[in-house]
Amino acid sequence: MKLTNFNLLHKYICLIFLINIISINFNSNSVFAEELNQNTKVIFEKGNDFYKKQNYIEAINNYKLLADNGIKNADLFFNLANSYYKNEEIGLSIVYYEKALLLKPSDEDIYFNLQIANLKTVDKFNTVEDNPITKSINSYIYSFHSNTWVYFSIGLLIFTISFIIILLLGNKKVRSLSLIMSIFSLTAFVIFTFFAYYTYINQTSNKFGVLVLTNAYVKFSPDEKSENLIMIHEGTKFEIIEKASNWIKIKLPDGNIGWIDYDNLLEI
Amino acid sequence: MYILNSPKYNKNQTIINYNSFSNFKSNLYTLLNYLLNFLLKTRLYSFVFVFIFFSLFSINLFGQQFTTFVNPNPVQEGELFTVTFVLRAEGSNFNPPKFSNFTIISGPSTSSEYSFVNGRTSRQVKYTYTLKADKKGEYNIDPASVKIEDAVIKSNSVKVSVIEASQAVKERRNKEDEEDKSLADQANKIISDNLYAKVFVNKSNAIVGEQLVATYKIYINEQLNLVDLSMSKAPSFIGFWTQSFDEKQLNYDREVINGSAFKVATVKKVVLLPQKSGKLVIDAMDFKSVVRLRTTGGGGGRRNNMFNDFFNDSYKDFPYTVTTQPYNLMVKELPTASSNFKGAVGEFKIEAWVDRTETTTNDPITLKVKISGVGNLKLISPLELKLPTGFESYEPKTIDNIDVNLNGMSGNVIFEYLLLPRNQGKFKIEPINFTYFNNKINDYTDLVSDEFIINVKKGKASDNNIINNSTNKEDAKYLGQDIRFIKLNSKLEDDDYFIFNTMLHYLMLLTPALFGIVFAYFYKKNILISNNSILLKNKRANKVALHRLKLANNYLKENKLELFFDETNKALWGYVSDKLSIPVSELNKDIINKKLVGLGIKDETIVMLITTINDCELARYSNLNSSKNPQDIYLFAETVITEIEGTLK
């Protein structure tokens, strides 16, 4: 008996130690990032000041400098998108709102401003309606960051294991309950891991593009002389299916598939 | 008019109507009449009979089916001549040449006749043109073509030489022209006194935006024989807003002017609003008229021939253009005005009202502004509203109820504004200012409407009555909203960091799993260890007990009874303790009884065990010689152990 207790204690210590190592790793990462951002912070603040003074072109210049230097931050993209919106460049503003939303899907401000920017677009497609249930489930899943789902799943894994331990140690009454709980949380763990994967794919693969020109023709085939399928206007978001040299195969919100010149669009 | 065999000879005939050529009927008789007349007039009548004879029989003489004749040839410059195409067959699709060097006076006039030659009947069709030789020179009359039974037949081409007019012809023509001119001058003079049009404007000076009425009237002397009257040019009004009232039917009034009776009609009335200052022209209006005047002989002896001077008097129609004088209007600039002035000139009243003062958010209210009065109502643009924040307005609807009559414009204009409250609370709609130029007092007048207090209560979110067609309900809540402000405080961390599929992710997955595995391992090991010690004791219980019993048996043989009982007792207790995995200190006979029953040991065996233990203890502690034989006790103990061992196996 005494031996068992010792082992358990030992194990707990080990776990705490491990968690410490992870968190140290984590902290060191963010410390590094912060150092990197010390220079950029000044430019960011400058952009903010220009925005406050309603000098949106200068604000764009500052934010864009950061964005072009590889800083991928939802707040930066959001501010840049706001500046573009105020400067009447709706296509570009939508690109950056979408980019920001990918990085921070749960941010309500981004979602709100994106909706307003979308109101300014010309094209109103009749979207091919998904099953409303799958649609709402999808939107629910996408409203969380992939990392959030990872944390959820890890939490559930811990739950599962805790219940298994209770199952082993506990008496008969606790056992049946903890068995059910462990099965339940194990299932949830699997599902949440899948969600994490699902959102990870969605957030990291450039599946969508936005038209940034005032208007452009979508063609039937990747050829300048090809027949026009439809004319789309600035700010229209579409799915990117395939890339062929300078032409991109896209799927419009209404389900139509056509080709568009790569120069016309920006990928999200 | 032209009667050939007129017996009367009148040398005072002067007026000849050349235009009456066009009234020719297409029959041979009139054609011949005309030709004869023409020839007589031009003193070439000696040719006429030759021509008639020639034209009648020429076809047969030349044996051609389609022939061109020109008469006379040569022709004097400025004189008329005829070109005749004679077709001696049934033909269709007559196609004349272009008489490019001549002026066509009349034609083609077609005539047909039948001729009998050698007992055969043949039909003959003539297409006749009357041309005027404009210039001296040699010209070709190109052939005409006609279709005869699917074949296109061409006539011959004829050379026409136009020679210089003879002195006599020139003189005559000059004289004719002079006569015509003097006649026309006379006629114009007479007509202008008896037929004229005037424009009346009710004001000679106006201000920009002030209303004017221009009236066009036509005056016709009752004595005048007016053949035709029509408007030829409608006036254009540059720099004015206009509303015209054209008379559908002219209603003539009688008026006496300078002692003669005139018919007077209003042709057009126009309401004019000057749009700019300076000199503006109210345009002239033109009428085309034809007046028939009686002409009497004037002494020209040249045309004295027996045919023309038949009448003493004759009538001639003179074309005459009636035109009004353009009217110059000086339009004065308005005095500099306040910013509220939007060009309204006249006399107005303002009235404003809302359909209700209590509403809920997103439930629109209607504000109507009515401007009524006299003036340029049509030119009033919707008034600007000063709306409190939280109100949206749409393009106002303009309802005109304007009566444009000759007194000007009167009535009212209603501007209907749809106001959409977005926020909850009490709001004041500022009074609406309307400034107009009062042309009666020559100054600006400011009008102010009432102000309104609108109480907006909170409405249901679904109460969105105003939803743009292009936006769905979901979007409607974003309508009219500004974007949210930028994020000022940001750590600017790299958000493009995904744990999924990283080492950290696997570490996080492995840690609890590893923890579980390690725990399970140690847990199982512990159970094994503790299970083993018990099992060992259990297994060894029989051996230990039998070993003790052997020792006890030795004591019995040595007759050391006290030790024998002690050993037997220990052997039994120890055995039971090991078997039940209960320490000896915690054992008593009741527990033994219970546990053994639970293990399925026979009651007899248990009783035997308990009795043997009792006997041992009694013998040992009381030092009494028990009734029972120690040998028996030994046997009992041995039997009990064997029995239990057998049952538990």
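Biologist: Which strands make up the open sheet of three strands with antiparallel pairing in chain B, and in what order?

Modeller: The order is S4-S8-S9 in chain B, and the pairing is antiparallel. As this is a predicted model, local features need pLDDT of at least 70 and side-chain atom pairs count only at pLDDT 80 or more, whereas totals for chains, interfaces and linings use all residues. Residues are numbered from 1 along each chain as its sequence is written, while chains are lettered from A and ligands numbered from 1 in the order in which they are written. Strands are DSSP runs of E with at least two residues, helices are runs of H or I with at least four, and both are numbered from the N terminus.

Biologist: What makes strand S2 (75–76) and strand S7 (137–141) of chain B edge strands?

Modeller: They belong to an open sheet of three strands with the order S2-S10-S7 in chain B and mixed pairing, and each of the two pairs on one side only. S7(B) and strand S10 (residues 158–163) of chain B are joined by five bridges in the antiparallel sense. In this pairing B:Glu138 stands opposite B:Ser161 in S10(B).

Biologist: With which strands of chain A does S1(A) pair in the antiparallel sense over three bridges?

Modeller: Its partners are strand S4 (residues 237–244) of chain A and strand S7 (residues 265–267) of chain A. A:Gly209 stands opposite A:Phe238 in S4(A) and also opposite A:Glu267 in S7(A). From strand S1 (residues 208–211) of chain A, A:Phe208 and A:Val210 point one way and A:Gly209 and A:Leu211 the other way, all of them buried.

Biologist: Why is B:Phe636 called buried?

Modeller: A residue is buried if 20 or more other C-beta atoms lie within 10 Å of its own, exposed if 12 or fewer, and partly exposed in between, with C-beta atoms placed from the backbone. B:Phe636 has 20 such atoms within 10 Å and is therefore buried. It is found in helix H9 of chain B. Not counting residues up to four places away in sequence, B:Phe636 touches B:Met608 and B:Thr612. Contact here means that two C-beta atoms, placed from the backbone, lie within 7 Å. In chain B as a whole, 24% of the 649 residues count as buried.

Biologist: What makes H6(B) roughly parallel to H9(B)?

Modeller: Helix H6 (residues 561–580) and helix H9 (residues 630–648) of chain B pack at an angle of about 10°, with their axes 11 Å apart. That angle makes H6(B) roughly parallel to H9(B). The class covers angles under 35 degrees, with over 145 being roughly antiparallel, 65 to 115 roughly perpendicular and the rest oblique. The axes are lines fitted to C-alpha atoms, for helices over the stretch in contact, and angles run from 0 to 180 degrees between N-to-C directions.

Biologist: How many residues does each chain bring to the contact between chain B and chain A?

Modeller: Chain B brings 37 residues and chain A 50 residues. On the side of chain B, helix H5 (residues 503–557) gives the most, with 15 residues. That side divides into 20 nonpolar, nine polar and eight charged residues.

Note on methods. Ala, Val, Leu, Ile, Met, Phe, Trp, Tyr, Cys and Pro count as nonpolar, Asp, Glu, Lys and Arg as charged, and the others, Gly among them, as polar. Two strands pair if DSSP finds at least two bridges between them.
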